Structure formats: structure tokens, C-alpha cells
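Please open the model in your viewer and keep the sequence panel beside it. The tour below goes from one selection to the next and says what is found at each stop.

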Amino acid sequence: MIQSVKRPIGVTIIAILTIIGGILLCFGGISVLTLGVFFASVPISSIISEQQQQQLQPEIQNEAELQALTQFLSGIGIVIGAIVLAVGIGYLVVSYGLLKGKGWAWTVTVILTIIAIVIQIISVVSSSMFNASFSADMNALVSGIISHIIALAINGVILYYLYRPHVKTYFGKSKLPTTMPR
């Protein structure tokens, strides 16, 4: 007898957040990709004015150097845009797997959540050291640390939740108990 497990509400919430993140990443990736393609295809002289070209003259010897720099930066934009778009599509695929209770989606979400926790820890330490070394505004430093800590807490709760027995059961990572524990 096969028992079906109802999707936990927390999984639905995580999937919705993943969908939102995926959509935002897709839009961001498409935007950066489009800008990269635009700047790669348009001559730089048609973008900047004569006055701006004269101001750049001491740094850049001729238009060919400026065009080469624009092409290089456009290429970087295209690569970054393509990567962000691919990650956004990946998020959408994972959200589908979360909603359908696929075991691979649970595994990918756990891995991505652990990576996000590590990045948040590194980010809070490095940003606080960087800001402290430049005598940055104390309010900006504190608010930055608080936002990192909130993101860290959210990822911690998601990771904890994914390891709950009923959630693991939904994803086929553990079996339903045949008898009730006493």
C-alpha cells in the first residue's frame, strides 16, 4: 500500500521564495546580458559626447583603445548576465522539484542553503572588517551586519526545517513510521 504524503506548508513557502528569486535572477540576467550585447554592438563614439571624449583623452590615447575597453567590459557583462540567467532558470527548476516533492530538489536546496550560510558568514566578517578599516559610517556598518545576520537566520531556519522528519518524508528521504512512537 503506497501512502501519499501531503506537501508541508513550509515547503510551499520555500518554493514560492525560490520562484520569486528565480524570476528576479532571470530579469537581472536578461538585463545585464542585453546591456552587454548593446554595448558590444554600438560604437563607443555614438554613445559619448565630444566633450566626454575630450575629458577622457589624457587617460585613453585614441578611440580604438576606448572601443577595445568597451568590448572587453561588454564581454564581461554578457558572461555575467548569462550566468545569472542560468542560475535564475535553475532556481525555477528547483522550485518545481520542491513543489512536486522530488528528492533531488531537497538535496539541491540543502546544498544551496549551506552555501548561502557560508557566504553570509564570510560576507558579514569581511564587510565589517572592510568598513571598520575605512572608518565608515557606523549606522551603515550596523545595518549591514544586521541584514547579514537576518539572512543568516532565515537560511538557518530553512536548513533546520528541511531536516524535519515530515519534510524529509515528503521528499522521500525517510520512511513514514509504521507505528506511532511512545
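This is a predicted model: local features need pLDDT of at least 70, side-chain atom pairs count only at pLDDT 80 or more; totals for chains, interfaces and linings use all residues.

**The whole chain**

Residues are numbered from 1 along each chain as its sequence is written, and side-chain values use heavy atoms, with hydrogens and water left out.

Switch to a cartoon view, and the chain shows 6 helices and 0 strands; both kinds of element are DSSP runs numbered from the N terminus, helices being H or I with at least four residues and strands E with at least two. The accessible surface of the chain comes to about 12,100 Å², and 72% of this surface belongs to carbon and sulfur atoms; such areas come from the Shrake-Rupley method with a 1.4 Å probe, and for residues only the protein chains shown count as cover. Of the 182 residues in the chain, 27% are buried, a word that stands for under 20% relative accessible area, with exposed for over 50% and partly exposed for what lies in between (1.4 Å probe, protein chains only).

**The core**

Next, select Val 11, Ile 14, Leu 98, Leu 162, Val 167 and Phe 171, which have the most contacts inside the largest nonpolar core, a group of 16 residues. A nonpolar core is a set of buried Ala, Val, Leu, Ile, Met, Phe, Trp, Tyr and Cys residues joined through side-chain atoms within 4.5 Å. At least two residues of this core come from each of α1 (9-41), α3, α4, α5 (138-162) and α6 (165-170). Nonpolar side chains in soluble globular proteins tend to be buried together.

Stay with Val 167, and leave out residues up to four places away in sequence: it touches Pro 8, Val 11, Tyr 161 and Leu 162.

**A buried serine**

Move to Ser 95, which is found in helix α3 (residues 63-100). Is Ser 95 buried or exposed? Ser 95 counts as buried because its relative accessibility is 3%, and, again without residues up to four places away in sequence, Ser 95 touches Ala 15, Thr 18 and Ile 19.

**Aromatic pairs**

Now display the aromatic rings, among which there are 3 aromatic pairs; rings of Phe, Tyr and Trp (its six-membered ring) pair if their centres lie within 6.5 Å, and planes under 30 degrees apart count as stacked, over 60 as edge-to-face and the rest as tilted. One of the pairs is Phe 38 with Phe 39, an edge-to-face arrangement with 5.2 Å centre to centre and 70° between the planes. Tyr 170 and Phe 171 also form an edge-to-face pair, at 5.0 Å centre to centre and 75° between the planes, and both Tyr 170 and Phe 171 are buried.

**The loop between α3 and α4**

For the last stop, select Lys 102, whose place is in the loop between α3 and α4. Lys 102 is partly exposed, because its relative accessible area is 36%. Lys 102 touches Gly 97 and Phe 171, not counting residues up to four places away in sequence.

How values were computed. Contact means heavy atoms within 4.5 Å.
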